[in-house]
Structures are given as C-alpha cells and as structure tokens.
Amino acid sequence: METVKLSQIVEKLAPELSPFLTARELDIRIVLRDGLSVLEPRDAMEIVQQSILEQQRNACLQ
C-alpha cells in the first residue's frame, strides 16, 4: 500500500487535468493498494472522478 496526493497521480498520468482541479482537490490523499507505479492513465481518470465526487458530497453535507 502507498499513500500519495492526488497531485502526484495527476502529474504522472494525466497532467492535462491539472488546470481543472483546485488546490484542495490536488491535496487529497489517496491510498493505492498496489502503489503508484502500476497505475494506468485510465486508473488516474477514475481516481480523479471519484475524488471530485467525494469532495462535492462532503461539501453538501457541511
């Protein structure tokens, strides 16, 4: 297991998404079961989508 910031995933696999994410989103910590080295670009897209949804869900609850 490896814990990384979303920014690390974006920088490595989907840098084109960086301008569309807030600093708060990029700072989210993500736990990767198999580590950053085995992620594919499509995995990065799914992680970004789920992270944004979770942030929005938390914002609505507050």
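Trainee: Which residues does S51 touch, not counting residues up to four places away in sequence?

Mentor: Please keep in mind that this is a predicted model. Leaving out the residues up to four places away in sequence, S51 touches L6, I28 and I30. S51 itself lies in helix α3.

Trainee: Is S51 buried or exposed?

Mentor: The general idea is to look at relative accessible area, where buried means under 20%. With a relative accessibility of 7%, S51 counts as buried. Its side chain reaches the backbone oxygen of I47, at 2.8 Å.

Trainee: With which residues is V10 in contact, leaving aside its neighbours within four places in sequence?

Mentor: Apart from those neighbours, V10 is in contact with P15, L17, S18, L21, L26 and V48.

Trainee: Let us turn to charged pairs. How many salt bridges are there?

Mentor: One looks for a side-chain nitrogen of Lys or Arg within 4 Å of a carboxyl oxygen of Asp or Glu. By that rule the count is three salt bridges. One of them pairs D27 with K5, where the closest N and O atoms are 2.8 Å apart. Because D27 lies in the loop between α2 (23-26) and β2 while K5 belongs to strand β1 (residues 2-5), the pair ties together parts that are 22 residues apart in sequence. D27 is partly exposed at 42% relative accessibility, and K5 is also partly exposed, at 27%.

Trainee: How far apart in helix α3 are R57 and E54?

Mentor: R57 and E54 are three residues apart in helix α3, so about one helical turn separates them. They form a salt bridge whose closest N and O atoms are 3.4 Å apart. R57 has a relative accessible area of 47% and is partly exposed; E54, at 36%, is likewise partly exposed.

Trainee: What is the N to O distance in the salt bridge of R33 and D34?

Mentor: The side chains of R33 and D34 meet at 3.5 Å, N to O. R33 is exposed, with a relative accessible area of 68%, and D34 is exposed as well, at 52%.

Trainee: Finally, in what order do the elements of the protein run from the N terminus on?

Mentor: The order is β-α-α-β-α, from three helices and two strands. The radius of gyration is 11 Å, close to the 11 Å that the globule rule gives for 62 residues, so the protein is as compact as a globular protein of that length. Along its principal axes, the C-alpha trace spans about 35 × 25 × 15 Å.

Trainee: What percentage of the 62 residues do buried residues make up?

Mentor: Buried residues make up 34% of the 62. The protein exposes about 4500 Å², and carbon and sulfur atoms supply 52% of that area. Among contacts between residues at least 6 apart in sequence, 66% join residues at least 24 apart.

Key: Residues numbered from 1 in each chain as written. Predicted model: local features only at pLDDT ≥ 70, side-chain atom pairs only at ≥ 80, totals over all residues. Heavy atoms only, no water. Contact = heavy atoms within 4.5 Å. Helix = DSSP H or I, 4+ residues; strand = E, 2+ residues; numbered from the N terminus. Buried < 20%, exposed > 50% of the residue type's maximum accessible area, 1.4 Å probe, protein only. Polar contact = N/O pair within 3.5 Å; in protein donor to acceptor, adjacent residues only side chain to side chain. Rg over C-alpha atoms; globule rule 2.2 N^0.38 Å. Areas by Shrake-Rupley, 256 points an atom, 1.4 Å probe, with all protein chains shown as cover.
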